[in-house]
Amino acid sequence: MTQQGHETRTVEDWITRINQRELAALAAIVQRVQSLVGDEDSSAAQLSEVLRLDPSLSSKILRIANSPTYLVSPDPVTTLTRATTLIGFDAIANICITNRLLETLLARKELSRSVVERVLDRTAASLHAAVQARVMISNASSREREEAFLGALLEQIGESAFWSLGGAEIDALDTALATTPQNTREALIRRTVGGSFRQLSRGLIKAWHLGPGTALHEQITPARASRAQVILLANELADCVACEGWESPLLDDLYARIAALTNIETGAAAMRVRA
């Protein structure tokens, strides 16, 4: 079926296309790492074996383990097993996913300049949202903080993955959005994608079997806030800053909502967010 000379695609079509391209490798390592992290019987040695399959990623893990954040002794960390033990399973999983995500999304050489800018903007906003989500629940357990980080990071993975594909359809939507009023852009996106970018994100998360690590309905008890609320607020904040900067009048409302969600004073919430 065609629409104005172009094939009409669905969200499922785009998920298939994304998984057939470069993101297939990302999905594979994400699934392997997540399966080990979710298995209580897994050991640091088993996770290290998975990491050894990717020399570039292994070297990054060792550099992180030897950074001031993690290194607690004068002796350098030289093995992946020790690095995994030092950094922790959940943090390792997020480092793997974030590293692979960045390398994969930014690796394409044939993207137009304006599409590259969209990929960079979305990726930066996703990383900002991930950090903010983790900070919002700083009193939670390590696993809950890392799950919030991952959930916020992947909330907009659909849009980033879409732009990173490149090609005539992506370029056409990029050009159209540049001249489309803000209030009609969502309808234009839905006609091209077959749904919203959020639906595309959720579809990819499901296809990559990331449900347990990014479940958006579980309660984060120390902050008395659901993971869904934390993730959505963090992404809303990151989008606001990306679009309007730190002087946006919309931030006052966001600070108040974050304060209510995390049970702290609005001023304290604002300081924490900006820090």
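This is a predicted model: local features need pLDDT of at least 70, side-chain atom pairs count only at pLDDT 80 or more; totals for chains, interfaces and linings use all residues.
The protein contains 15 helices and four strands, and of its 275 residues 48% count as buried. Among the contacts with a sequence separation of 6 or more, 65% are accounted for by residues 24 or more positions apart. The accessible surface of the protein amounts to about 13,600 Å², and carbon and sulfur atoms contribute 54% of that surface.

In soluble globular proteins, nonpolar side chains tend to be buried together. In the present model the largest nonpolar core comprises 55 residues, of which Phe162, Trp163, Val193 and Leu200 touch the most other members. Helix α13, which spans residues 227–244, gives the most to this core, with eight residues. Apart from this core lies another, made up of 18 residues that include Leu51, Leu80, Phe89 and Ile95. With residues up to four places away in sequence left out, the contacts of Leu200 are with Val11, Trp14, Ile15, Ile18, Gly158, Phe162 and Val193.

Phe162 and Trp163 also take part in the packing of helix α9 on helix α10. Helix α9 (residues 157–165) and helix α10 (residues 168–178) pack with their axes 8 Å apart and at an angle of about 115°. Because angles of 65 to 115 degrees count as roughly perpendicular, α9 is described as roughly perpendicular to α10. On the α9 side, the residues that meet α10 are Phe162, Trp163 and Leu165, and their counterparts in α10 are Ile170, Leu173, Asp174 and Leu177. Classified by residue type, this contact consists of six nonpolar residues and one charged residue, with no polar residues.

Two arginine residues were examined individually. Arg122 lies in helix α7, which covers residues 113–136, and its relative accessible area of 11% falls under the 20% limit, so that Arg122 is classed as buried. Beyond its neighbours up to four places away in sequence, Arg122 touches Gln156, Glu159, Ser160 and Asp239. Arg272, by contrast, is found in helix α15 (residues 266–274) and is partly exposed, because its relative accessible area of 31% lies between the limits of 20% and 50%. When neighbours within four places in sequence are set aside, Arg272 is in contact with Val135, Met136, Ser138 and Ile264. As for the pair formed by Arg272 and Val135, 137 residues separate the two in sequence, whereas their C-alpha atoms are 7.8 Å apart in space.

Conventions: Residues are numbered from 1 along each chain as its sequence is written. Side-chain values use heavy atoms; hydrogens and water are left out. Buried means under 20% relative accessible area, exposed over 50%, partly exposed in between (1.4 Å probe, protein chains only). Contact means heavy atoms within 4.5 Å. A nonpolar core is a set of buried Ala, Val, Leu, Ile, Met, Phe, Trp, Tyr and Cys residues joined through side-chain atoms within 4.5 Å. Axes are lines fitted to C-alpha atoms, for helices over the stretch in contact, and angles run from 0 to 180 degrees between N-to-C directions. Angles under 35 degrees count as roughly parallel, over 145 as roughly antiparallel, 65 to 115 as roughly perpendicular and the rest as oblique. Ala, Val, Leu, Ile, Met, Phe, Trp, Tyr, Cys and Pro count as nonpolar, Asp, Glu, Lys and Arg as charged, and the others, Gly among them, as polar. Accessible areas come from the Shrake-Rupley method with a 1.4 Å probe; for residues, only the protein chains shown count as cover.
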